[in-house]
Amino acid sequence: MSDNPFSLWVYLSQSPLLWLTVTLLTYAVADAVSLKTRRHPLANPVLHSVWIIGVFLLLTRTSYTTYFAGAQFVHFLLGPATVALAVPLYENRRRVAAAILPMLVALAIGSLTAIVSVVLLAQAFGLPRDVILSLAPKSVTAGVAMGISESLHADPSLTAVSVILTGIMDAIIVTPLMNFTGITDFRARGFAAGIRPWHRHRARLPGRRGRRRLCRDRDEPECAGHLAAGAAGCDISAALIPAAGQFCAIGMALSSKSF
Amino acid sequence: MIASLSLILLCQLVGEVAVRALAVPVPGPVVGLVLLLLLLLARDRFPALARGPLGDDGVESASRGMLANLSLLFIPAGVGVVQKLDLLAEHGIAVLVILGVSVIVTLLATVATFVAASSLFSREEERL
């Protein structure tokens, strides 16, 4: 060990090990807190991990380039995870086939509304062009949205954050909004939430003695669909009603396909 | 496990190559998604395909494992906002308002379209 503790820091702060560990550890803690609050939308593990790591980087005066040298191993998995979305889509193929036409129409209108509304609003607020371009793909799966953002020469990190924020707002708004409009078709509700994907849901299954329990074990057949849907981004209502959860996953897989 | 991951990576690789060769503006992993879906559907028709990663829940369980932790994968990109703090200080509020309004408008448009379209299509089916 070196005489100077500072030289140890200089060594560690330049190695991928430290930043990979920081990323996983922060997420593990944030995720545990989120589970404790029963997946409350405001306890979103990604949101909190991002600001905690961001503050840590600023305090230690670490550049994002240095951080990313470690975190890139996690970032890389976004591509394979997008491919993996084929599985929830495949597992729900019957439901997809049964509602394919309304889904495709809703998908086209929904995606168009998302893009047009955000671009028009951003122009009305007088935001710079590169910010508008970064916000435009916010309603697609984050991995895909960042790909689009890159090909528009916009800023993928801003896109990632706007996707996350959209997911959180979605989770907070969707249930009261749908109750307000009186729409009870849970396929429709789940699908609409799936178009703005992301965030972990609260998957609940009927537990013993009729109590609801959190869905944690992905090996349980009932949970598998829920967890896939949860990764896709479902609201509480979607998690409570299995059909809506399934449609969430499909909405996500399809919305990434629409680009 | 390794074979399943290889299959997923292979789908992505073929997707990336196809997208670049044909110069289409679609992300490579999305083409990979379609490829994997087609493989799974083909397996239903040709049971001979149900071996290796395509047999015994191989690629399915690997995919589920990856998707269960999907949110972790957004963190490295999200942390990238530390490079944009001046931009956030200047436009942060506007961005929040814009996202909020857009979320409401989009949710309503999507759900209304879905409900309208499904009642339209089911009425047509009844008539046939």
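## Why these helices and contacts get their names

H1(B) makes a right-handed crossing as it passes H2(B), in what is a predicted model.

User: Why are H1(B) and H2(B) called oblique to each other?
Analyst: Happy to walk through it. The two helices pack at an angle of about 125°, and their axes are 7 Å apart. Angles of 65 to 115 degrees count as roughly perpendicular and those over 145 as roughly antiparallel, with the rest oblique, so H1(B) and H2(B) are oblique to each other.

User: Which residues make that contact?
Analyst: From H1(B) they include B:Ile8, B:Cys11, B:Val14 and B:Val19; among those of H2(B) are B:Pro29, B:Val31, B:Leu35 and B:Leu36. By class, the contact has nine nonpolar, four polar and one charged residues.

User: What makes up the side of chain B that touches chain A?
Analyst: Here 60 residues of chain B are in contact with 90 residues of chain A. Helices H1, H2, H3, H4 and H5 of chain B each give two or more residues, and H5(B) provides the largest share, 24 residues. By class, this side has 43 nonpolar, 14 polar and three charged residues.

User: How do you know that the length of H3(A) is close to the expected one?
Analyst: H3(A) has 15 residues, and the expected value at 1.5 Å a residue is 21 Å. From first C-alpha to last, H3(A) reaches 21 Å, close to that expectation.

User: Which residues of H3(A) are buried, and what follows the helix?
Analyst: The buried ones are A:Pro45, A:Val46, A:Leu47, A:Ser49, A:Val50 and A:Ile53. After H3(A) comes A:Arg61, with a positive phi near 50°.

Technical notes: Residues numbered from 1 in each chain as written. Chains lettered and ligands numbered in written order. Predicted model: local features only at pLDDT ≥ 70, side-chain atom pairs only at ≥ 80, totals over all residues. Contact = placed C-beta atoms within 7 Å. Helix = DSSP H or I, 4+ residues; strand = E, 2+ residues; numbered from the N terminus. Nonpolar A, V, L, I, M, F, W, Y, C, P; charged D, E, K, R; others polar. Axes fitted to C-alpha atoms, helices over the stretch in contact; angles between N-to-C directions. Parallel < 35°, antiparallel > 145°, perpendicular 65-115°, else oblique. Left-handed = near helix turned anticlockwise from the far one by under 90°. Expected span 1.5 Å × (residues − 1). Buried ≥ 20, exposed ≤ 12 C-beta atoms within 10 Å, placed from the backbone.
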